[in-house]
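Thanks for sending this one over. Here are my notes, written to be read with the structure open beside you.

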Amino acid sequence: MSSPDAVSSFAQLDLPATLQKALVEVGYETPSAIQSQIIPHMLEGVDVLGQAQTGTGKTAAYALPILMRCKYAQGKNPRALILAPTRELVMQIHTVMIGLAQFTDLRILALYGGLGPKPQIQALEEGVDILVSTPGRFLELYRKDVIVVKELKFLILDEADKM
């Protein structure tokens, strides 16, 4: 398998117009180092492990390929799962994902504790494409058979060293 080269501009990624527009809207001009190295590999379906300092765009490095590959709302069950160790990080990732997906119809849901699960269960029952969750809330709802994982195509462990 050939290894894709790092990219120096988002234009090299052949992004759909919806994602190009969102990148402009959220203020991304050129890919950061982690983005330029990770995105091409993820688009090819290669498993990756990335490490970079806070504020370098790690979330967008995996969010863009997920959004590109999921493309549009489909079915009821999630196709991507992003696990993060804290509610604060889940909310931060969710905000980035919503910003990048703002011109798509993808359904992105954040799951975390600290509040009752009923509204989250309702949202899951209505259908979701991308889940961003803490491990605890994910397991709680999975064990209640509220989350179906058979259609997952992406699994992201953000700050895996902390979980």
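Predicted model: local features only at pLDDT ≥ 70, side-chain atom pairs only at ≥ 80, totals over all residues.

1. Start with β1, residues 80–83. Four bridges join this strand to β4, and the two run parallel. Four bridges also join β1 to β3 (residues 130–133), again in parallel. To find the pairings on screen, look for Ile-82 with its bridge partner Ile-156 in β4, then for Leu-83, which stands opposite Ser-133 in β3.

2. Now the side chains of those strands. In a regular strand the side chains alternate between the two faces of the sheet. In β1, Ala-80 and Ile-82 point one way while Leu-81 and Leu-83 point the other, and all of them are buried. For β4, Phe-154 and Ile-156 make up a covered face, whereas Leu-155 and Leu-157 are on an uncovered one.

3. Helix α1 (residues 17–26) has Leu-19, Ala-22 and Leu-23 buried. Looking down the helix axis, the buried residues fall within an arc of 105°, so they line one face of α1. What do they pack against? The partners are α3 (58–70) and α4 (87–100). Ala-17, Val-24 and Glu-25, on the other side of α1, are exposed. Just after the helix comes Gly-27, with a positive phi of about 95°.

4. Further along, Thr-30 is found in the loop between α1 and α2 (33–43). Is Thr-30 buried or exposed? Exposed, with a relative accessible area of 52%. Leaving aside neighbours within four places in sequence, Thr-30 is in contact with Ser-8, Phe-10 and Gln-35. Val-7 is 23 residues away along the chain, and its C-alpha atom is 9.3 Å from that of Thr-30.

5. How many salt bridges does a search of the whole structure find? Four. One of them pairs Arg-79 with Asp-129, the closest N and O atoms being 2.8 Å apart. Arg-79 lies in the loop between α3 and β1 and Asp-129 in the loop between α5 (118–126) and β3, so this pair ties together parts that are 50 residues apart in sequence. Arg-79 is buried at 8% relative accessible area, and Asp-129 is buried at 0%. Arg-107 joins in too: Arg-79, Arg-107 and Asp-129 are linked in a network of salt bridges.

6. Glu-140 is worth a look as well. Arg-137 forms a salt bridge with Glu-140, with the closest N and O atoms 3.0 Å apart. Both are in helix α6 (residues 135–143), three residues apart, which separates them by about one helical turn. Lys-144 also forms a salt bridge with Glu-140, here with 3.7 Å between the closest N and O atoms.

7. Last, please check Asp-158, in the segment after β4 (154–157). Asp-158 is buried yet has no salt bridge. Which side chain of opposite charge is nearest? That is Lys-58, 6.4 Å away, and a salt bridge here requires the atoms to be within 4 Å. Apart from neighbours within four places in sequence, the contacts of Asp-158 include Thr-59, Tyr-62, Leu-83, Pro-85 and Met-163.

How values were computed:
Residues numbered from 1 in each chain as written. Heavy atoms only, no water. Buried < 20%, exposed > 50% of the residue type's maximum accessible area, 1.4 Å probe, protein only. Lys, Arg positive; Asp, Glu negative; His and termini not counted. Contact = heavy atoms within 4.5 Å. Arc of directions from axis to C-beta. Pairing = 2+ DSSP bridges.
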